[in-house]
Amino acid sequence: MSSIQQLLLGAGSASKKTYLDDVFSTYLYTGNASDKTITNGIDLAGEGGLTWIKRRNSTSDHALVDTVRGASQYLSSNSTAANVATGANNNFNSFTSTGFTLKDDNGNDYFNKNNTPYSSWSFRKTSGFFDVKTFTWNGSSGGYTTLAVNHDLKSVPGMVIIKSTNGQSNWRVYHRDLGTGDNKMLALNTGDAAHGFNTGSNNNHFVSVTDTAVTFKSLTNTISYVMYVFAGGESTAATARSVDF
């Protein structure tokens with residue numbers, strides 16, 4: 001493995017260093033409507049992470065399955081719907097130390113239809129690369145509240161995506177090039193321009209994004225969320241030494 005593939009530099013031998021191939025995979029496969037093992041070299045079972053799957057030859061939902069919510073449910077990035085649990089369409093089976101497995105679901109195959117091509121993208125939880133968190137927003141309909149959610153990225157995020165898991169809502173996205181505040185939020189599942197959740201000076205939005213937490217402002221009742229945190233933000237430390245490719 002060449003040094004250009006190295007993602008994170010650290011002390012110790014080369015065998016202890018983290019490489020891009022250890023934390024991210026683009027994997028194409030063809031479904032067979034039977035038990036199937038996908039070996040992409042990503043330790044999702046031990047380290048945790050996210051797998052994103054999309055059928056390639058026809059219209060279908062994008063499906064996101066992560067280790068924090070569990071293999072038995074997924075969210076669709078093109079939909080406002082809540083979690084889709086294991087059932088008629090969900091035949092994702094389990095996360096493994098080298099990828100994930102799919103199962104035969106008696107013909108109702110969403111991720112594993114016979115002779116059907118799929119793309120999959122897997123992101124492993126790793127400091128300086130990616131993290132997954134869940135949280136509950138215990139707000140009220142009487143006023144706006146703020147909430148800080150800690151993450152383990154140990155660096156400033158470049159992109160943050162959140163989605164309610166127990167109710168309908170847009171996928172809310174922060175990106176470093178837009179920043180935080182009113183009318184800076186993107187919706188992953190729509191073609192809308194950057195916006196706040198509603199009009200006025202107290203729009204739902206990302207308040208701040210730091211190397212330890214993401215802070216939100218919203219008007220909401222008790223709702224559960226999943227948060228996907230991607231590295232790539234700029235460090236504000238005077239001692240920061242890095243390059244941006």
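Predicted model: local features only at pLDDT ≥ 70, side-chain atom pairs only at ≥ 80, totals over all residues.
The protein contains 2 helices and 19 strands. Of its 245 residues, 42% count as buried. Contacts between residues at least 6 apart in sequence were examined, and 61% of them join residues at least 24 apart. The protein exposes about 11,900 Å², and carbon and sulfur atoms supply 47% of this area.

In soluble globular proteins, nonpolar side chains tend to be buried together. The largest nonpolar core in the model has 16 residues. Tyr-29, Ile-53, Phe-92, Phe-95, Phe-100, Leu-102 and Phe-111 touch the most other members of this core. Strand S6 (63-66), strand S9 (92-96) and strand S10 are the elements that give two or more residues to it. Tyr-29 has contacts beyond its sequence neighbours, with residues up to four places away left out of the list. Among the residues it touches are Ile-53, Phe-100, Leu-102 and Phe-111, each of which is also named above as a core member. Other contacts of Tyr-29 include Lys-36, Ile-38, Arg-56, Pro-117, Tyr-118 and Ser-120.

Two of these contacts, Lys-36 and Ile-38, belong to strand S4, which covers residues 36-39. In a regular strand the side chains alternate between the two faces of the sheet. Strand S4 pairs with strand S10 (residues 99-102) in the antiparallel sense, over 4 bridges. Within this pair, Lys-36 stands opposite Leu-102. Leu-102 is in turn one of the core residues listed above, and Tyr-29 touches both Lys-36 and Leu-102.

Tyr-29 also touches Thr-116, a residue in the loop between strand S10 and strand S11 (117-124). Thr-116 has a relative accessible area of 2%, so it counts as buried. A polar atom of the Thr-116 side chain lies 3.1 Å from the backbone oxygen of Asn-114. Leaving out residues up to four places away in sequence, Thr-116 touches Tyr-29, Thr-30, Gly-31, Arg-55 and Asn-57.

Side chains of opposite charge can pair when their charged atoms come close. The model has 5 salt bridges. One of them joins the side chains of Asp-66 and Arg-69, with an N to O distance of 2.7 Å. Both Asp-66 and Arg-69 are buried. In a second salt bridge, the closest N and O atoms of Lys-125 and Asp-131 are 3.7 Å apart. Lys-125 counts as partly exposed because its relative accessibility is 22%, and buried residues lie under 20%. Asp-131, with a relative accessible area of 2%, is buried.

A further salt bridge is formed by the side chains of Asp-152 and Lys-133, at 2.7 Å from N to O. This pair links distant parts of the chain, with the two residues 19 apart. Asp-152 lies in the loop between strand S13 (145-150) and strand S14 (157-164), while Lys-133 lies in strand S12 (residues 130-138). Asp-152 counts as partly exposed, at 42% relative accessibility. Finally, Arg-176, Asp-177 and Glu-234 are linked in a network of salt bridges.

Technical notes:
Residues numbered from 1 in each chain as written. Heavy atoms only, no water. Buried < 20%, exposed > 50% of the residue type's maximum accessible area, 1.4 Å probe, protein only. Contact = heavy atoms within 4.5 Å. Areas by Shrake-Rupley, 256 points an atom, 1.4 Å probe, with all protein chains shown as cover. Pairing = 2+ DSSP bridges. Salt bridge = Lys/Arg side-chain N within 4 Å of Asp/Glu carboxyl O. Polar contact = N/O pair within 3.5 Å; in protein donor to acceptor, adjacent residues only side chain to side chain. Core = buried A, V, L, I, M, F, W, Y, C linked by side-chain atoms within 4.5 Å.
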